[in-house]
Amino acid sequence: MAKTEVPFRILPRVTDLNRFYWTAGRDGELRFQRCNACKYFMHPPSVLCPRCHSKDLGIEAVSGRGDVHTFSINYQPWMPGLEPPFVLAVVRFPEQEDLRVTTNIVNCAPEDVTFDMPVQVLFEAHVDDEVWIPLFEPSTNA
Ligand SMILES: [Zn+2]
């Protein structure tokens, strides 16, 4: 992929704790930490389970399908490259009621985004930086 095809984006700081999350898109999967003791999914990554305090944590892929819990349309040009209007959203997942990510909704007009709209993950690859940003688009078979 040519560098010019990838829009400018301020990338997350990848650490040993969160690397699995930011690189899972290389395999086309959305992955979260999951407690092996109580099976609680957690995000963002942590060193212990917020529910049972276990440190026995694994990493598990989810379907990558969810829906729009809440969203806002941003019209402010905060930074070059991230051209308004764009949709900032919280997406939730059927795997666990309180498992949510803050993300952008893409591949549709901002005014077409609605609450509870089914969405699916796609990844914006920043291959040189080894970061795959999880974004969401309208689900193809809702
Ligand atoms: Zn737990």
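The largest nonpolar core first: 26 residues. Such a core is a set of buried Ala, Val, Leu, Ile, Met, Phe, Trp, Tyr and Cys residues joined through side-chain atoms within 4.5 Å. Buried means under 20% relative accessible area, exposed over 50%, partly exposed in between, with a 1.4 Å probe and protein chains only. Leu 30, Phe 32, Phe 93, Ile 105 and Phe 136 have the most contacts inside this core. β8 gives the most, with 5 residues. Strands here are DSSP E runs of at least two residues, numbered from the N terminus.

A word on the source: this is a predicted model, where local features need pLDDT of at least 70, side-chain atom pairs count only at pLDDT 80 or more, and totals for chains, interfaces and linings use all residues. Residues are numbered from 1 along each chain as its sequence is written, and side-chain values use heavy atoms, with hydrogens and water left out.

Now the zinc ion. Which residues coordinate the zinc ion? Cys 35, Cys 38, Cys 49 and Cys 52, each through SG, at 2.3 to 2.4 Å. Donors are N, O and S atoms within 2.8 Å of the metal (3.2 Å for Na, K and Ca); water is not among the atoms, so sites may look incomplete. The spacing along the chain is C-x2-C-x10-C-x2-C. Cys 38 sits in the loop between β1 and β2, Cys 52 in the loop between β2 and β3, so the pair ties together parts 14 residues apart in sequence.

Last, salt bridges: a side-chain nitrogen of Lys or Arg within 4 Å of a carboxyl oxygen of Asp or Glu. The whole structure has 8. Glu 60 pairs with Arg 34, closest N and O atoms 2.7 Å apart.

Conventions: Helices (H or I, at least four residues) and strands (E, at least two) are DSSP runs, numbered from the N terminus.
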